[in-house]
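Subject: Structure handover

Hello,

Here is the structure I promised you. Please open it and keep it beside you while you read my notes.

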Amino acid sequence: MTRLTFTRLGYFIVFICSSYLVQAQIPWLPREASPAASVSQTVGISKISVDYSRPSVRGREVWGVLVPYGWDKNGSAIGLESPWRAGANENTVLHLSHDAIVEGTKVPAGNYGLTFIINKDNTGEVILSKDYKSWGSFWYDPKQDQMRAKITIRDVPESVEKLYYSFDSVSRTWAELDLNWAKKQFPVKIEFDVDRIVMDNAREVLNGQPAFQYQNLNGAANYALAHDIDTALAMQWINRSIAAKPDNYQGYLTKAGLLKKAGDSVASAKLLKDAQQFGDINELNAYGYQLLGEKNYPQAIDALKLNTQKHPDIANCWDSLGEAYALSGDKKNAIINFKKSLSLNPPPLVRANSEKYLKQLGAM
């Protein structure tokens with residue numbers, strides 16, 4: 001073989017290798033043209049994440065040219081019309097840690113290829129494909145669709161040079177996944193049955209070692225109470241918590257709330273009164289103000305008075321009791337307690353509150 005032949009062979013090998021690097025996107029080499037990126041958002045305890053590549057506008061006309069309107073009749077490797085791959089390089093992959101509702105359609109937990117259709121009038125579609133490992137949408141097959149839903153694409157005033165995904169609107173039970181590029185935004189609403197997911201997870205977790213910590217039982221039971229879900233199970237959890245730690249004041253508060261929700265207000269009130277002996281200074285103070293918020297002045301005064309008995313040298317306890325008397329209309333006892341607060345050299349905020357009330361009551 002001549003030297004020229006060897007040279008040509010070398011060039012050919014370099015060409016093949018270079019082409020391979022461009023096409024295969026070896027994971028341990030950087031992507032300079034359309035760098036890889038990921039974004040995630042937690043809703044409740046569920047996680048949404050997107051792995052994608054970020055193309056740039058680079059002065060090109062994007063919508064209707066670089067990204068065709070409607071279905072791309074020439075973008076498929078298998079002769080079918082294809083959607084836009086919603087990024088660059090491989091499939092854009094949407095991960096859902098739990099079953100979700102995507103634009104009104106139930107979608108099981110898992111990984112999905114995320115693609116879009118955009119029309120000239122800003123109508124469009126979001127498509128989730130069970131085939132999430134293929135190259136972009138070149139191998140798109142509608143038989144692999146998990147769901148398709150109509151969306152309305154938004155115009156935005158500022159052009160986005162490099163495509164990115166974001167979660168601009170998030171609530172307790174849903175998040176909006178937004179694709180942002182050029183002067184368009186593609187919104188996709190993803191919802192979770194948060195309370196069911198949290199409670200199912202709690203059932204599983206509390207069948208294991210975490211159940212031996214009373215705080216975990218407290219937390220799960222309190223969540224159920226706050227969101228009015230599985231309260232019978234919550235009562236079992238809180239009883240186990242109190243059995244594990246009988247001076248567990250937070251446990252008694254939760255149990256009292258569950259009793260009240262079940263319609264037994266008498267038992268709830270008695271439990272709260274009996275449990276006050278276990279409350280620390282902050283817990284009793286918070287409980288007293290909770291009762292003040294409910295305008296339950298006698299019980300608020302009892303709770304805050306107990307705090308002064310347990311912590312007679314703390315000015316804030318006397319200030320809080322004075323406030324309870326003032327709100328209940330008992331001017332005489334309010335003045336006595338505010339003056340007691342000032343006699344204990346209170347911190348600035350407590351002093352300011354005591355002095356404010358004494359001025360209002362004409363005692364300063």
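Start with two helices. The crossing of α2 and α3 is left-handed. Keep in mind that this is a predicted model.

Helix α2 covers residues 194-205, and helix α3 covers residues 214-227. Their axes lie 11 Å apart. The packing angle is about 155 degrees. Angles over 145 degrees count as roughly antiparallel, so α2 is roughly antiparallel to α3.

Which residues of α2 and α3 meet? From α2 come Val-194, Asp-195, Val-198, Met-199 and Ala-202. From α3 come Ala-220, Tyr-223, Ala-224 and His-227. Sorted by class, this contact has 7 nonpolar residues, 1 polar residue and 1 charged residue.

Strands of a sheet pair through backbone hydrogen bonds, either parallel or antiparallel.

Look at one pair up close. Strand β2 spans residues 46-53. How many bridges join β1 to β2? There are 8, and the two strands run antiparallel. For one of the partners, find Ala-36: its bridge partner in β2 is Ser-53.

Trace the helix pair and then the sheet on your screen.

Best wishes

Key: Residues numbered from 1 in each chain as written. Predicted model: local features only at pLDDT ≥ 70, side-chain atom pairs only at ≥ 80, totals over all residues. Heavy atoms only, no water. Axes fitted to C-alpha atoms, helices over the stretch in contact; angles between N-to-C directions. Helix = DSSP H or I, 4+ residues; strand = E, 2+ residues; numbered from the N terminus. Parallel < 35°, antiparallel > 145°, perpendicular 65-115°, else oblique. Left-handed = near helix turned anticlockwise from the far one by under 90°. Contact = heavy atoms within 4.5 Å. Nonpolar A, V, L, I, M, F, W, Y, C, P; charged D, E, K, R; others polar. Pairing = 2+ DSSP bridges.
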